[in-house]
Structures are given as structure tokens and as C-alpha cells.
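Subject: Handover of a structure, with notes

Dear colleague,

Please find below the structure that I am handing over to you.

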Amino acid sequence: MTYYHGGPHWFKVGKKILPPIRTGARCCSDLVEENNPHRRDKVYVVTTMEAALLYACTHRRGSVYEVAPGGMLEEDPDCDAVGLSFQCDEAIILRVHKMSFAQTAYYRQEIFA
């Protein structure tokens, strides 16, 4: 199974993606209502490039990362599509798919239109 994570453009191969509670980074849970089950102590990974692109587009310049989940991999309770989204303790970057500012803007317009 290939897992992806969408986020800011500056991560490098071999680095760990850590949960926002450990890094202080902005995350999707900051954008939703208080009773949302999205957790700041978890890293979210998805099984499709398209889903990761959605998250990458929440950043001015985003990238999609192929990752290896670390720790226990659990279904994302906020996702209705079984097998699409998971939460884990951390993820290690295996490959980077960088996007230009123009690509990010284009996809953001297409996705959020």
C-alpha cells in the first residue's frame, strides 16, 4: 500500500512528519468546528494522490509526499470513505512531489470552487 501526506513544500526525503501538537504547525483541525474528531496529536495519511493534493492545496506552496506511516495506523474516524484516510503517530518521507505556486493555485481553484 502506498500512503501520501499533503503539506507545506519544505519537507525532505528521510525526514519525519510529526503531529502539530509536537511542532506547533497549523493543521486542518484548526479549520474545522470544535467537535470534529481530527486530532492534533496525529499525522494523517491517505491512500490516493488526489486526496493528498487536497491537503497540499491548503498551503500557499504545497507538496505531496509518499510516506511510511510510523506507529499504530488507525482509520480516520472523520472520513466516510473506508480505506482512504488514516491517522498515525508520525510518517517518514520516502518521496516528494513538489508543486509550483501556479500549480497549487490552479488545484486550489479546481478543488475549492
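A residue is called buried if its relative accessible area is under 20%, exposed if it is over 50%, and partly exposed in between, using a 1.4 Å probe and protein chains only. By this rule C88, at a relative accessible area of 0%, is buried.

Please bear in mind that this is a predicted model: local features need pLDDT of at least 70, and side-chain atom pairs count only at pLDDT 80 or more, whereas totals for chains, interfaces and linings use all residues. Residues are numbered from 1 along each chain as its sequence is written, and side-chain values use heavy atoms, with hydrogens and water left out.

Overall layout

The chain contains three helices and seven strands. Both kinds of element are DSSP runs, numbered from the N terminus: helices are H or I runs of at least four residues, and strands are E runs of at least two. Along the sequence their order is β-β-α-β-α-β-β-β-β-α. Of the 113 residues, 40% count as buried. A contact means heavy atoms within 4.5 Å. Among the contacts in the chain with a separation of 6 or more, 74% are between residues 24 or more positions apart.

How the strands pair

Two strands are said to pair if DSSP finds at least two bridges between them. Strand β1 (residues 3-8) pairs with strand β4 (residues 62-70) in the antiparallel sense, over six bridges. Within this pairing, H5 has Y65 in β4 as its bridge partner. Strand β1 is also mostly covered, as six of its six residues are buried.

Strand β4 pairs in the antiparallel sense with β7 as well, over eight bridges. Here P69 stands opposite A91 in β7. Strand β2 (residues 16-17) and strand β7 (residues 90-98) also run antiparallel, joined by two bridges. In that case I17 is the residue opposite A91.

The nonpolar cores

A nonpolar core is a set of buried Ala, Val, Leu, Ile, Met, Phe, Trp, Tyr and Cys residues joined through side-chain atoms within 4.5 Å. Which residues make up the largest nonpolar core? There are 11: Y3, F11, I17, V43, V45, Y65, V67, F86, C88, A91 and I93. The elements β3, β4, β6 (85-88) and β7 each give two or more residues to this core. A second, separate core has nine residues, including Y4, A56, C57 and M99.

F86, a member of the largest core, has contacts beyond its neighbours within four places in sequence; among them are Y3, V43, V45 and L73.

The aromatic cluster

Rings of Phe, Tyr and Trp (its six-membered ring) pair if their centres lie within 6.5 Å; the pair is stacked if the planes are under 30 degrees apart, edge-to-face if over 60, and tilted otherwise. The whole structure has three aromatic pairs. In one of them, the ring centres of W10 and F11 are 6.3 Å apart and the planes stand at 70 degrees, so this pair is edge-to-face. Another joins F11 and Y65, and is tilted, with 5.5 Å from centre to centre and 55 degrees between the planes. Because F11 lies in the loop between β1 and β2 while Y65 belongs to strand β4, this pair ties together parts that are 54 residues apart in sequence. W10, F11 and Y65 form one aromatic cluster. Within it, W10 is exposed at 52% relative accessibility, whereas Y65 is buried at 0%.

Two loop residues

Is K42 buried or exposed? K42 is buried, with a relative accessible area of 9%. Its place is in the loop between α1 (20-23) and β3 (43-46). The side chains of K42 and D89 are joined by a polar contact of 2.8 Å. Such a contact is a pair of N or O atoms within 3.5 Å; within protein, one must be able to donate a hydrogen and the other to accept it, and residues adjacent in sequence count only if both atoms are side-chain atoms.

V13, in the loop between β1 and β2, is exposed at 54%. V13 and V96 are 83 residues apart in sequence, yet their C-alpha atoms are 6.7 Å apart in space. Leaving aside neighbours within four places in sequence, V13 is in contact with I93, L94, R95 and V96.

Yours sincerely
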